[in-house]
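Trainee: I have the entry open beside me. Could we go through it together, one part at a time?

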Amino acid sequence: MSWTRKILRVDLSKGTCTPEPLNMEWANHYLGSRGLAAKYLTEEVDPKCDALGPDNNMIMATGPLTGTMASTSGRYTVSCKGPLTGAIACSNSGGFFGAELKFAGWDMIIFVGKSEKPVYLLIENDKVALRSAEHMWGKTAWETDDILHQTHQDPQMRIACIGRAAENGCLYAGVINDKHRAAGRSGVGTVMASKNLKAVAIRGTQGIGNIEDVGAFVSSTNDGKAVLAENAVTGQGLPAYGTQVLMNVINGVGALPAHNMRDVGFEGAENISAEAMAEPRKSDGKPNLTTNAACFGCTIACGRISTVDPTHFSVKDKPQYQGASGGLEYEAAWSLGADTGVDDLDALTYVNFLCNEDGFDPISYGSTVAAAMELFESGVITTQETGGIDLKFGSAEAFVAVTEQFVAGEGFGKDLGLGSKRLCEKYERPELSMTVKGQEFPAYDPRGIQGIGLNYATSNRGACHLRGYTVASEILGIPVKTEQTDSDGKAELVKAFQDATALVDSAGLCIFTTFAWGMDNIAPQIDAACEGDWSVENCLETGERIWNMERLFNEAAGFTADDDTLPKRLLEEAIKSGPTEGQVSKLGEMLPQYYEARGWTADGKIPDATRQRLSL
Amino acid sequence: MQKSLNIDPGKCTGCLQCEMACSYEHTGTFNPSRSYIKVFNFHHEGRFAPYTCTQCDEAWCMRACPVDAISVDMATGAKVVSDDKCVGCKVCTIACPFGTINYAQVTGKVVKCDLCGGEPQCAAACPTSAITYVDADWTGYDRMLASAAKSLPSAEATA
């Protein structure tokens, strides 16, 4: 079975921690992690509630494969109603925290209510307690991690916590675990802060010993690892270059947005690419990239561990930032770099450290700064608002200065915490916000890659590449190549990616495996680990059920087909130059086809027949 | 032929597959807290180090044990703890200069690497060959080879 069959309910209003059995009927329908948390959330939370009020729940959930020997088994998710979007939010993180939760004997933790004073949750196997976190409120995620390790004198303890961004009310704050892995998107950390919950510290020594068919599990997970090792992307590209391998590729095919998505193509892309990260620098002869690193159980090891040039202006007199820490991933390098026009690798690495240290989503942050830069350029905001910072596109100095203002929760930094949508609304230029359902775009232009635009528009958590990464097919040819600027067939492609991703997320595996694995590699691992039938067909249907369940939550929260859209800029302003010149998003053609492929009505509603087919 | 674990920390990514394989072999559970091999993460240096017993010939733990609970597996050279004899006194953990024999609360005995009877599962599970099981005479040879390569005049210089 490999579920622990036990969940922990923490009522922060009452200060109680109560174990309860996992609802196995739901587990058999929604598998775990993202899917199962969506079910619990839908059953227990009013979708119309205030995301930052006590009626919202926050769920930390593992999947049945989390903590096992399956490759990439370190994943867990944080789910709630998201404050940035008002939609269902589910952010996925790697590192080591998720597996530790499982080793302590818990499938998930459901946090309800709101604590009167700051607290943290301490878990040592069955022993759980809420403790005062008043001495840690106001501390960064890194400081919090250090304090908890010191307090409990346990180097093996795994910690997830929030930094100052969440406490300051930034609407896209994340939950940071193991110092530099993040459940980053949609403001799940802001919800944690709203509950006065500073951290969750776990030590689990029980392990996982209840695999349904151990022989079949060892053999199917070994087969899976062999497939990952032999695949060019997961066996070579990702370990060597990380996700940053994409910077030059996406720029080359005319799909790298720049300057708040006004342009496509960034002249400084090479300077902030994986190749640049490997280049020894003049000052100390070391490259930006120190090593690659793995999350728990991962045989790919795409993670970047980097240092900033110690002579660079951003860290010069700050020894605490001169050591190695989590380096740039592609999405962060794009949003912090290309979207703001800053091509200073060291400045971006430093800002990325701050994202981890104070717990905020680099995608939303970079995109929000990019919107602010466009507002600044058009004179809507001036140095008067920015506290004297000359917030021009391309200025590394301005970017570093405004980020330091932001993490301290001071001045214009407060505005940046609103996110791009609310910031642009505040300054009466809503059209400059590059968001869907209030959430900022990742690093692929929907005009240059048509399918990903449809995925952004229909993603249940707002603009997101990780809900249906059709870039795999449209650019990399995985599993089959589709033409990036064609809209034909993209509705079915997006649906297939979205459903498969929902399943992978719910299993406790990393979506990066799917560069090499098909469902025929994944289903046997789940089937061997879990009771019940986890055939390829059932896995795909479960993915589709999860997608529709999330959609129902959003429908009840008040979202309609009108929200399945893209900013005007991407629908009407054609790409000005490069290989995709002249393209706009053909969302208008694709969206009705998508609704049809999903078995939804023309206005994007889920009819009874589809609900019955999916047992919803 | 005797074989030894050969560890190359530079290749380690910190994934802990070795810890899972070890704990599964010895306890039937995926449980890093009960692994006899540990991977240490030196975060600020960006380095990982897998570490376990090197099976000393003149083993301090074996000498120190007052009840002769540690013996040599003649097939592999591993120093193996007998659970039947071990009284959990922990004197071996004080004697070992490397700290690679440890007490386990859950059993009340000490635990250490036993080379899995000659098929070390950590080496089998390691995805990057940071842990290999090699002819004992060859331990360290890969580093010697790397140094030797550096001692050659470069192709450019000889051209």
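Trainee: Why is helix H21 of chain A largely enclosed by the rest of the structure?

Mentor: This is a predicted model. In it, nine of the 11 residues of helix H21 (residues 519-529) of chain A are buried, so the helix is largely enclosed by the rest of the structure.

Trainee: Which residues of H21(A) are buried?

Mentor: They are Met519(A), Ile522(A), Ala523(A), Pro524(A), Gln525(A), Ile526(A), Asp527(A), Ala528(A) and Ala529(A).

Trainee: And what do the buried residues of H21(A) pack against?

Mentor: Their partners in chain A are helix H7 (214-230), helix H20 (490-507) and H22.

Trainee: Staying with H22(A), at what angle does it pack with helix H2 of chain A?

Mentor: The angle between H2 (residues 33-44) and H22 (residues 536-557) is about 35°, and their axes are 10 Å apart. The crossing of H2(A) and H22(A) is left-handed.

Trainee: Which residues make that contact?

Mentor: H2(A) contributes Arg34(A), Gly35(A), Ala38(A), Lys39(A), Leu41(A) and Thr42(A). From H22(A) come Thr542(A), Ile546(A), Met549(A), Glu550(A), Leu552(A) and Phe553(A). By class, the contact has six nonpolar, three polar and three charged residues.

Trainee: Now the domains. How is chain A divided?

Mentor: The assignment gives domain 1 (6-203), domain 2 (253-439) and domain 3 (446-515 + 535-613).

Trainee: How far apart do domain 2 and domain 3 of chain A lie?

Mentor: Their C-alpha centres lie 27 Å apart. The contact between them takes 18 residues from domain 2 of chain A and 27 residues from domain 3 of chain A.

Trainee: Which strands supply the domain 2 side?

Mentor: Strand S14 (263-264) and strand S18 (435-436) of chain A each supply at least two residues of the side that touches domain 3. That side of domain 2 has nine nonpolar, six polar and three charged residues.

Trainee: Changing topic: how many residues does the contact take from chain B and from chain A?

Mentor: Chain B gives 21 residues and chain A gives 26 residues. The chain B side divides into seven nonpolar, 12 polar and two charged residues.

Trainee: What pattern does chain B follow along the sequence?

Mentor: Chain B has six helices and eight strands, and the pattern reads β-α-β-β-α-β-β-α-β-β-α-β-α-α.

Trainee: What does the C-alpha trace of chain B span, and what share of the residues is buried?

Mentor: The trace spans about 65 × 30 × 25 Å along its principal axes. Buried residues make up 38% of the 159 residues in chain B.

Conventions:
Residues numbered from 1 in each chain as written. Chains lettered and ligands numbered in written order. Predicted model: local features only at pLDDT ≥ 70, side-chain atom pairs only at ≥ 80, totals over all residues. Axes fitted to C-alpha atoms, helices over the stretch in contact; angles between N-to-C directions. Helix = DSSP H or I, 4+ residues; strand = E, 2+ residues; numbered from the N terminus. Left-handed = near helix turned anticlockwise from the far one by under 90°. Contact = placed C-beta atoms within 7 Å. Nonpolar A, V, L, I, M, F, W, Y, C, P; charged D, E, K, R; others polar. Buried ≥ 20, exposed ≤ 12 C-beta atoms within 10 Å, placed from the backbone. Domains from an automatic or database assignment.
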